[in-house]
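Subject: Structure handover

Hi,

Here is the structure I promised to pass on to you. Please open it next to this email, and then read on for what I found in it.

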Amino acid sequence: MGRPPYSSRVNSNGPLPPVPRQHDHQRPTDAHINVNNSYNVHPQPVGPKRLPPYEWKPRSPTSPVPTHTSTMANGRKRQNDSHSPYGLKRQRLDSPSHQQTGSHLIQTPPPLRHLDQEVAGTSRTSQSSSEFSLPSPHDLSPQVPAIPESTSMLQAYAKDKLSGQMVEVFEACQQQGSDLTKKELCRTRLQRDIQNVFPVARLYLTGSSMNGLGCRTSDADLCLVLVGSMNHRPDPIYILTILQTLFSSLSYLERMQLIRAKVPILRFREKGSGLEFDLNINNTVGIRNTFLLRSYAYADLRVRPIILVVKKWARHHHINDASKGTLSSYTLVLMVLHYLQTLNEPVLPSLQKDYPECFNPSMEIDMVPDGPRHIPSYMSRNQSSLGDLLLGFLKYYATVFRWDKQVISVREARALPKNSSREWRDKYICVEEPFERNNVARAVHEKVKFDAIKAEFAESCRILKQRKDLNSILPVRATINKESSKR
């Protein structure tokens, strides 16, 4: 069913948290940065240079969004194929966060908008504007997101004990607007200081903090986008070493640690708040999958609660730690999405297949946050309760999915046959990264760990099927208390 045009009205069910607008400057170009140059890592007292203005030339006025007739396919209601979200990309629109159709509530991603000012470094402006210039870095201020939506809307899927327990855990543990605001405040402050050294660098908040799947105690992931010269890509270790020196001089940061992993990161903590950050250089696929997962997270009301509970369950049973040879949180999220896509009555579609232009891997990074903005609402005929979906998830991986013969693909919304390519050969668990198409479950490289993961799915499925009580596989009160104690 097509989504109505965005409006500035707040939905009567309560606002969803909009994406914090990341106040970026002009897109980096090769002419701005040469990694062979030496950098003064001690900021000069005069502050960052004012960047040249970014001029936005408006298109001719666009017509209102047309109404499209829905068609049913595979138990899903979709907008007419003639609709192209890409054609609407430059319109400035706002939308209610929810739409009611019959007894089924359709949830759509919170609008990408800034509450105080227009966004620096993008190609958007109000329709009445004819020009858009970037502010000085001194003018930047963080977005204050709206409070999360009320979980009362979930009650339609939580009329049994198990489902009610899932809502209770979700409501207590989900990231709040205030948590996201703290992270965005620090990100804005960091970008200002980093631009003393790298004037056109752009700092993005990524991962669970941004995609709607985080907990109150989730660490924050940051990606610094920095472009080198034509012949030299910036060396991440070199850049992180410079930043480590810079951060050591900043009074609001502490506990800097450079981690030389496959994707090197600089880990640090903000004084006072205790927030922990992991910063990488140019790992832009993390930005792309952040907004893909965000689109899935808000496609159906049940997605976020089941993912949060699955992550808590996996952590409780010690199978959610890639550094110890088990499943990363990202892998678990993809496993849940895949399950929801492959039900007889799917809860989710494949957004990449249905709207490839919105998730184009070659899309310029500064356009990625707005890529999925105009995807129409999705309605599933699947009305399963949260509890039934959780039990089905455990059963699917305990008895249905063929670990030795299949690859989990959210991109294709199906299980792909495992071939003999290097990426999948001799791997215990194969989960395709939606953009790079490599194996995000490669950390599971020991048979004993793989057997432990399978055994946990099977045992939890057996117990939950028998008792229909979340406490039988995840202590509800202890989980909530643990989350509260870490704040």
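This is a predicted model: local features need pLDDT of at least 70, side-chain atom pairs count only at pLDDT 80 or more; totals for chains, interfaces and linings use all residues.

Ser-472 sits in the loop between α10 (447-467) and α11 (476-485). Ser-460 is twelve residues from Ser-472 in sequence, and the two C-alpha atoms are 8.2 Å apart.

Stepping back to the whole chain, the protein has eleven helices and twelve strands. Of its 487 residues, 57% are buried. If you take the contacts between residues at least 6 apart in sequence, 73% of them join residues at least 24 apart.

Now to the sheet. Five strands make up an open sheet with mixed pairing, in the order β5-β6-β9-β8-β7. Its edge strands, each pairing on one side only, are β5 (202-206) and β7 (253-259). From one strand to the next, the twist averages 25°.

Going through the pairings:

- β5 and β6 run antiparallel and are joined by five bridges; the bridge partner of Leu-203 is Leu-224 in β6.
- β6 (residues 220-225) pairs with β9 in the parallel sense, again over five bridges, and Ala-220 stands opposite Phe-277 of β9.
- β8 (residues 265-270) pairs with β9 in the antiparallel sense over four bridges, with Glu-276 in β9 as the bridge partner of Arg-269.

β8 and β9 also form a hairpin with five residues between the strands, where Gly-272 takes a positive phi near 90°. Why can β9 be called largely enclosed by the rest of the structure? Five of the six residues in this strand (residues 276-281) are buried, so the rest of the structure encloses most of it.

Helix α2 (residues 177-194) lies across β5, β6, β7, β8 and β9, and runs at about 160° to β5. Helix α5 packs on the sheet as well, touching β5 and β6, with its direction at about 45° to that of β5.

There is a further hairpin elsewhere in the chain. Strands β11 (residues 406-409) and β12 (residues 414-417) run antiparallel and are joined by four bridges. Val-407 has Leu-416 of β12 as its bridge partner. Four residues lie between the two strands, and Ala-413 in the turn has a positive phi of about 60°.

Helix α5 (residues 285-297) packs against helix α7 (residues 329-341) at an angle of about 40°, their axes 12 Å apart. That angle makes α5 oblique to α7, and the crossing is left-handed. On the α5 side the contact is made by Asn-289, Leu-293 and Tyr-296, and on the α7 side by Tyr-330, Val-333, Leu-334, Leu-337 and Gln-341. By class, the residues of this contact are six nonpolar, two polar and no charged.

Helix α7 also packs with helix α9 (residues 386-400), at an angle of about 100° and with the axes 10 Å apart. This makes α7 roughly perpendicular to α9. From α7, the residues Met-335, Val-336, His-338, Tyr-339 and Leu-340 meet Asp-388, Leu-389, Gly-392, Phe-393, Tyr-396 and Tyr-397 of α9. The contact of α7 with α9 has eight nonpolar, two polar and one charged residues.

Helix α9 packs with helix α6 (residues 303-316) too: the axes come within 10 Å and cross at roughly 50°. The two helices are therefore oblique to each other, and the crossing is right-handed. Here Pro-305, Ile-306, Val-309, Val-310 and Trp-313 of α6 make the contact with Leu-386, Leu-389, Leu-390, Phe-393 and Leu-394 of α9. What is the make-up of the contact of α6 with α9 by class? It has ten nonpolar, no polar and no charged residues.

Happy browsing, and do write back with any questions.

Best wishes

Key: Residues are numbered from 1 along each chain as its sequence is written. Side-chain values use heavy atoms; hydrogens and water are left out. Buried means under 20% relative accessible area, exposed over 50%, partly exposed in between (1.4 Å probe, protein chains only). Two strands pair if DSSP finds at least two bridges between them. Axes are lines fitted to C-alpha atoms, for helices over the stretch in contact, and angles run from 0 to 180 degrees between N-to-C directions. Angles under 35 degrees count as roughly parallel, over 145 as roughly antiparallel, 65 to 115 as roughly perpendicular and the rest as oblique. A crossing is left-handed if the near helix is turned anticlockwise from the far one by less than a right angle, and right-handed if clockwise. Contact means heavy atoms within 4.5 Å. Ala, Val, Leu, Ile, Met, Phe, Trp, Tyr, Cys and Pro count as nonpolar, Asp, Glu, Lys and Arg as charged, and the others, Gly among them, as polar.
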